[in-house]
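Open your viewer and get ready to select a few groups of residues. We will begin with an open space in the protein and then turn to the ligand.

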Amino acid sequence: MSKQQLEQGACAGCGVKLHTESADKPGFIPASALERDPAICQRCFRIKNYNEAISVTIDQDDFLKLLGGIAATNSLVVHIVDLFDFEGSLISGLQRFVGNNPVLLVVNKIDLLPKGVNMNRLRNWVQKQAKTQGLQTVEVVLCSAKRNIGFDRVIEALAEYRGKRDVYVVGATNVGKSTLINRIIRDYSDLDRELTTSRYPGTTLDAVHIPLDDGHDIIDTPGIVYNHRMTEIVPRSVLQALLPDKPIKQMVYQLNDKQTLFIGGLVRFDFVEGERQSFTLYSSNALPVHRTKLERADELYADHRGEMLAPPTKEQLDEIPAWTRHRLTVRRGSDTDVFISGLGWIHVNGGTGALIDVHAPKGVRVILRDALI
Ligand code: GDP
């Protein structure tokens, strides 16, 4: 295929416009594969040949158009969120966009929680949070796609709620959508049937239909990129330290007011005012924590950023937006987490109230929420 043909070319599998530019965008084909006849995009190639879905991403505008397309179908919508980044990965306004179609909320990565967390309490927490965000769900399923926990219920729930409909799978990036779809493909796909495409008016974006062995399709959509997640704004080389892979070992810090914690060099947490109390940090254990006095924090950061206070390294720091300060007031008597999207959260244990400043890269969502654990 010549460059000119490439410019007009569409994937023979899913119909998306082909390009050789960016591997994480729909339609990517490696230059070396252009000679293949028929030419198919990398995403279809992997599904066909390796039974493996790969992640591709799109921005919010394109994603909303795609969701609008789903409203016009009669389908079951499976929304996958990452428990570790719940408020960061929940698609706000999903309800409006999917019309009358039912939504099954699959909460992935429960393997990351410390041992002994009560699953019923957790499910109630998720239900409450989803409701607060205006999302009505037919069911909340807790699972770990990677460790194969709760997966039987995912499959049962799919069968139960879909009836004779197709299933759209939607989610933000890195929530484990591909991992989950790959499990489904491995056990239930019928790849003798062709991969097909659905094209929505006004978009160039294509969702891959994967035929299942019951005659229906599961439709993989690109992952939405949310710039309020730390995981989206750090360079890829930092991502590994940020995304926990093993169950989190929570760390408890007894702090007096006017003390500061640095979480790597990614976030600074100042306990500005309040009675002495403990704070429990839930974040990747690959991020070292340093504690200092608030009055020394500026100087410590200036002297040690990118070195002792890392990741990010000095070079990586250049690629990350500068910090902004979020001032948070934790009410007396409340049971609250300080949630930092993509990094984790800090549970405020005292119940006596606290004034807190969080310094985080500009754009990262930092909020107070009801305690998860
Ligand atoms: P996608 O972007 O939503 O398709 O996400 P992927 O399936 O590519 O997964 C993103 C990252 O999360 C990868 O590093 C996966 O290994 C990891 N991951 C996926 N599912 C799980 C899970 O259940 N638990 C844990 N701990 N990690 C997971």
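The lining of the largest pocket has 10 nonpolar, 12 polar and 9 charged residues. Here Ala, Val, Leu, Ile, Met, Phe, Trp, Tyr, Cys and Pro count as nonpolar, Asp, Glu, Lys and Arg as charged, and the others, Gly among them, as polar. A pocket is an open set of points on a 1 Å grid over the protein atoms alone, where a 1.4 Å probe fits, with protein on both sides within 12 Å along at least five of seven lines; lining residues have an atom within 4 Å of a point.

This is a predicted model: local features need pLDDT of at least 70, side-chain atom pairs count only at pLDDT 80 or more, and totals for chains, interfaces and linings use all residues. Residues are numbered from 1 along each chain as its sequence is written, and side-chain values use heavy atoms, leaving out hydrogens and water.

The largest pocket holds about 810 Å³ of space, the volume filled by probe spheres set on its points. Now select Lys109, Asn174, Val175, Gly176 and Leu243, the closest to its centre of the 31 lining residues.

Next, show the ligand, which sits in this largest pocket (more than half of its atoms lie within 2 Å of the grid points). A polar backbone atom of Gly176 is 3.0 Å from a ligand oxygen.

Technical notes:
A polar contact is a pair of N or O atoms within 3.5 Å; within protein, one must be able to donate a hydrogen and the other to accept it, and residues adjacent in sequence count only if both atoms are side-chain atoms.
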